[in-house]
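Open your viewer and get the selection tool ready. We will go from stop to stop, with something to select at each one.

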Amino acid sequence: MPSKDIGLIIIDEEHDASYKSGSVPRYHARQTAMYLAVKHNCPVVMGSATPSLEAWNMIQNKKIKLLSLSKRLAGGSLPQIEIENISGLKGALSDRLISEIRKTKNEGKQTILFLNRRGFSHIFRCRSCGYEMLCKNCSVPMTFHKSENVMKCHYCGMQARPPSLCPECNSLDIGYAGVGTEFIEEEVSRSFPDCTVARVDTDTVSKKNSLENRLKDFKEGRIDILLGTQMIAKGLNFPKVRLVGIILADTGLQMPDFRAAERSFALITQAAGRAGRFSEDGLVIIQTLKPNHPSIVCAKNHEYEKFYEYELGQRKLLDFPPFKRLIRLVFRSKDLKKAELAAEGAANILKYILSSQNKDEAEIMGPSECVLSMIAGNHRQQILLRSSNFPLIQTAASRFVKEYKPMTGIYIEVDTDPVNLM
């Protein structure tokens, strides 16, 4: 039941994308909280080590007040952070990271290794013809899970047996590229046979209480090396963690999304924050192929304001949030032609609707194929409405949704202020 007399609203980890609903109604909890705060005349406290760019922009514009923590609650100092350029590295762990894992074990302390990609390997490729194994239902590569000897799609769940030769040219010159947490677990276990290693991702903690039990074992010292995805990158507070290794900091930067750098900076910073929370000897090693990228350099140097200034400059230059508002319309259908026709027709209708208003204040981007052009057998086309005059595009989108009658087999998703454009 809705609360009738709210005195205070607290949003912890305010930057987290999970606050945005992925299904109808696609609300954002941060915006909802602000609405309720005005309605109930109460304050909102938003906590984050890496505020969202929207929140930081509101701080700069004096719309919200910044309260900074001057020190770590448990008394530890900020960890030393090093960048390791891994261009040409044969394995997944650099010599420097291997050395520090051994040192950490010898000192009776613990290591966290972070990689935001599960599975053993995420690309099956033929070296003869270039064939790449994609999901039949989604426009994404299948991921190899060695422990189950199966190829999986992480979007629709489809599974297939790993091929023994190329399905296209029958070549035996096939192999896998890219690494996941399962691959790292195998390499770490082989490199440190005297260490207890545990992996935490959605493949290993699906059973009830399995995540809690694994984290409890780590906290009580029964695990030397904890390896995982973003499930272990934030919110954990372990006294004996000296070392955090970020295996590949570039995975998020490769995403064709305007929030890629912001997400990467937040994840790296959050993961790094697990080291040395109760001591002075915390160390973070960031392995990367892009050692000069601003999100990585600024994370290393604890230069929060510098990163936000850089990223706000990029967003302003490109007319993306928080300087412009977006409404995303996705048209999906089992029939590619229907999806394309629906998106084209919608773009024409929206142009007509906006032509009766101040159309120069709004931009229609598309229609175009979504980055993930097919998911679960549905072809996806998108249109973006962009403007600094939000009521203008909100009214246009609302009128379109109310009056448009889609053809059979077409489904429309409308997302206001989308957190990703994949």
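The tour below visits a helix, its neighbours, a few backbone features and some single residues.

**Before you start**

This is a predicted model, in which local features need pLDDT of at least 70 and side-chain atom pairs count only at pLDDT 80 or more, while totals for chains, interfaces and linings use all residues. Residues are numbered from 1 along each chain as its sequence is written, and side-chain values use heavy atoms, with hydrogens and water left out.

**Stop 1: helix 2**

Select residues 53-60, which form helix 2. Helices here are DSSP runs of H or I with at least four residues, strands are runs of E with at least two, and both are numbered from the N terminus. How many of the eight residues of helix 2 are buried? Seven are, so the helix is largely enclosed by the rest of the structure. Buried means under 20% relative accessible area, exposed means over 50%, and partly exposed is in between, using a 1.4 Å probe and protein chains only. Colour Leu53, Glu54, Ala55, Trp56, Asn57, Met58 and Ile59 to see the buried residues. Now show what covers them, which includes helix 1, strand 2 (44-47), helix 6 (260-272) and helix 8.

Keep helix 8 (304-318) on screen. The axes of helix 2 and helix 8 come within 11 Å and cross at roughly 100°. That makes helix 2 roughly perpendicular to helix 8. Axes are lines fitted to C-alpha atoms, for helices over the stretch in contact, and angles run from 0 to 180 degrees between N-to-C directions. Angles under 35 degrees count as roughly parallel, over 145 as roughly antiparallel, 65 to 115 as roughly perpendicular and the rest as oblique.

Show side chains next: Leu53, Trp56 and Asn57 of helix 2 meet Glu305, Tyr308, Glu311, Leu312 and Arg315 of helix 8, where contact means heavy atoms within 4.5 Å. By class, the residues of this contact are four nonpolar, one polar and three charged. Here Ala, Val, Leu, Ile, Met, Phe, Trp, Tyr, Cys and Pro count as nonpolar, Asp, Glu, Lys and Arg as charged, and the others, Gly among them, as polar.

**Stop 2: two positive phi angles**

Most residues other than glycine have a negative phi, and most peptide bonds are trans. Just after helix 2, pick Lys62, where phi is positive at about 65°.

Next pick Asp319, in the loop between helix 8 and strand 14 (325-333). Its phi is also positive, near 60°. Is Asp319 exposed or partly exposed? At 28% relative accessibility, Asp319 counts as partly exposed.

**Stop 3: two cis peptide bonds**

Select Val24 and Pro25, joined by a cis peptide bond with omega about -5°. Pro25 is in the loop between strand 1 (9-12) and helix 1 (29-40). Then move to Gly366 and Pro367, where the peptide bond is cis with omega near 10°. Pro367 is placed in strand 15 (residues 362-375).

**Stop 4: helix 9 against helix 10**

Show helix 9 (residues 336-355) with helix 10 (residues 390-403), whose axes come within 10 Å and cross at roughly 125°. The two helices are therefore oblique to each other. Which residues make the contact? On helix 9 they are Ala346, Ile349, Leu350, Tyr352, Ile353 and Leu354, and on helix 10 Leu392, Ala396, Arg399 and Phe400. This set divides into nine nonpolar, no polar and one charged.

**Stop 5: Arg96**

Find Arg96 in helix 3 (residues 95-106). Arg96 is partly exposed, with a relative accessible area of 28%. Beyond its neighbours within four places in sequence, Arg96 is in contact with Glu82, Glu84, Leu283 and Ile285. Zoom in on Glu82: its side chain makes a polar contact of 2.7 Å with the side chain of Arg96. A polar contact is a pair of N or O atoms within 3.5 Å; within protein, one must be able to donate a hydrogen and the other to accept it, and residues adjacent in sequence count only if both atoms are side-chain atoms.

**Stop 6: Met422**

Finish at Met422, in the segment after strand 17 (411-416). Met422 counts as buried, at 16% relative accessibility. Leaving aside neighbours within four places in sequence, its contacts include Met255, Pro256, Arg328, Cys370 and Arg380.
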